[in-house]
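Visitor: I'd like to learn how to read this one. Could you walk me through it?

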Amino acid sequence: MNATAEGPTSAAGPAIELVSLVHRYGDVEVLHRIDLTVATGEIFGFLGHNGAGKTTTIHVLTTLLKPASGSARVCGFDVVEQRLEVQRAIGYLPENVRLYDSLTAAENLRFFAQLSGVDDVPHAIDETLGILDCRELADRRVGTFSKGMRQRIGVAQAILHRPRVLFLDEPTSGLDPMGVRQLRDTIVHLNAELGITIFMNTHLLSEVARVCTTIGVLSEGELIYNDTLENTLRRFPDEASLEDIYVRLDDQ
Amino acid sequence: MITTAVIARQHLRLLSRSQTFLLMLVVLLGMTALSGFIGWSSHATILRVYDETVKTLTAAGKPVPPNPFAYKPRLSLLNNMIIYVPLIGALLAIVIGNMSITGDRQAGVTRVIFSRPVLRSSYFWGKVAGSAVAGAVIMAACLLLSVIGLTLINHGPPTASELVRLTAFYALSGLYLLLFTLIGIVAALLTSSQSLGLFAAVAVWALITFATPQFTSGLRPVASLNPITDPVSVSHSRFFRATSKAKPIAVNEQYKALSSRLLSQGNDVLGAGAGKTATQLAPILFFVLLLGGWAHRLIARRDFSEETARD
């Protein structure tokens, strides 16, 4: 069932490595020489304002965009030179994914499992829905789902093939408090039980504080901060919350 | 190859759940059945008039002309299909092509698909293969209805030769519809919303179906629809003499002319007429390949990171 690519890096090696990464849309440079390393097993929270370049970074890491210069590696694979290997090693949940309304959850998942080269598709679907505690959704049409249900099936499609790194772009966007809590529990579970490294774009600092082990702050295309959550809280003892720390970092 | 098949199957599954597609399919199949009915109706009317005429002429001691149907090819009773395919069939094909791209876009899954080990050429071929299979199934259903209609009208099943010609006609129609599927795909890739993509493709359809035949036949008033071969041109102006030179590459004209020959048993489509068949088929094949290449290039170069759920 497991179609995950074995990478050249050991389990202890970095899951993600960006070296002097630059990306441009036309003449506009949106990512300025970003250097970032995310260790295997981390839950990495990528913070920043809207338009800071978080989604562009994910698009580079998920092979949707080619960097203008610099390099990006996922599980030791270069996102340009070893695109297929990267794609086999990752799962991706974009912001606002709707899935196919006219198909059931299981039919949606079957399509993505087949695209990912999963061998035993029915078993993978059943097991994944079990992990996410939503087997009862399998035979219901996605068009009838709430935002929270869609998001769970969206996560399911991203982990069907048991990726080594999971990219989540604003995963809590539009969810109600219960949905946010469920998703948070899911993220922690995927990391702890399945050993998936998680790279999460968000601007919800409360989520980062509860879930992430490491954070990075992106401001106008520049990585202005990157450290563990523990060190961050120790480094800014005077700030009451992560939000205060974020504001201070951004001001600097 | 496997990815291509997965994408093709998914496209077919989505089509089978689309109300727009199913509605247009029902209309096309209904018109196919109606085509047989219209053929039967005109056949019966002409025979009735002929019988009355025979009675009158015999009573007057005058010579009786031969039965008109004795000279009319039995397949030409389905001539209306040469109108329905470019009208309803082509619109259906545009919907198929449009949905192949906008279905993924509306679901917001294009970025997910291209974050998986999917080659862009596999994606293109999957969409084309799915669309071609959908077109083939539709044409097969039309063929079946036509055979049933002909059997009822002619009080007996078509001969082997008629079946071959009928199959060739629907194969040609399938190829012609593939052209419009590709127009639907290209229009969807060039525009940002489903409605705009459909509008652009329908504009091209109108140009091919209604405008081009007029310009390439010297404003012959019935040219846009009816498969009439070699009529006298209405306009002799310099402009229309110039535009009529484009007739060999007017796909609608060539489709109608070749279809008409296929449904007329007197014409030799292969053998002595093979050269003419090739020149009529060539522009359709050329534009299918041209649009296919264009669609492939658009998919290969498109920035799919921009594709978010919309419409």
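**Contact and sheet**

Guide: The contact draws 26 residues from chain A and 21 residues from chain B, where two residues touch if their C-beta atoms, placed from the backbone, lie within 7 Å. This is a predicted model: local features need pLDDT of at least 70, side-chain atom pairs count only at pLDDT 80 or more, and totals for chains, interfaces and linings use all residues. Residues are numbered from 1 along each chain as its sequence is written, with chains lettered from A and ligands numbered from 1 in the order in which they are written.

Visitor: In what order do the 6 strands of the open sheet in chain A run?

Guide: Strands of a sheet pair through backbone hydrogen bonds, either parallel or antiparallel. Here the order is β6-β7-β8-β3-β9-β10 in chain A, with mixed pairing; a pair needs at least two DSSP bridges. β6 and β10 (222-228) of chain A are the edges, each pairing on one side only.

Visitor: How many bridges join β9 and β10 of chain A?

Guide: β9 (residues 214-219) and β10(A) share 6 bridges, in the antiparallel sense. A:T214 has A:T228 in β10(A) as its bridge partner.

How values were computed
Helix = DSSP H or I, 4+ residues; strand = E, 2+ residues; numbered from the N terminus.
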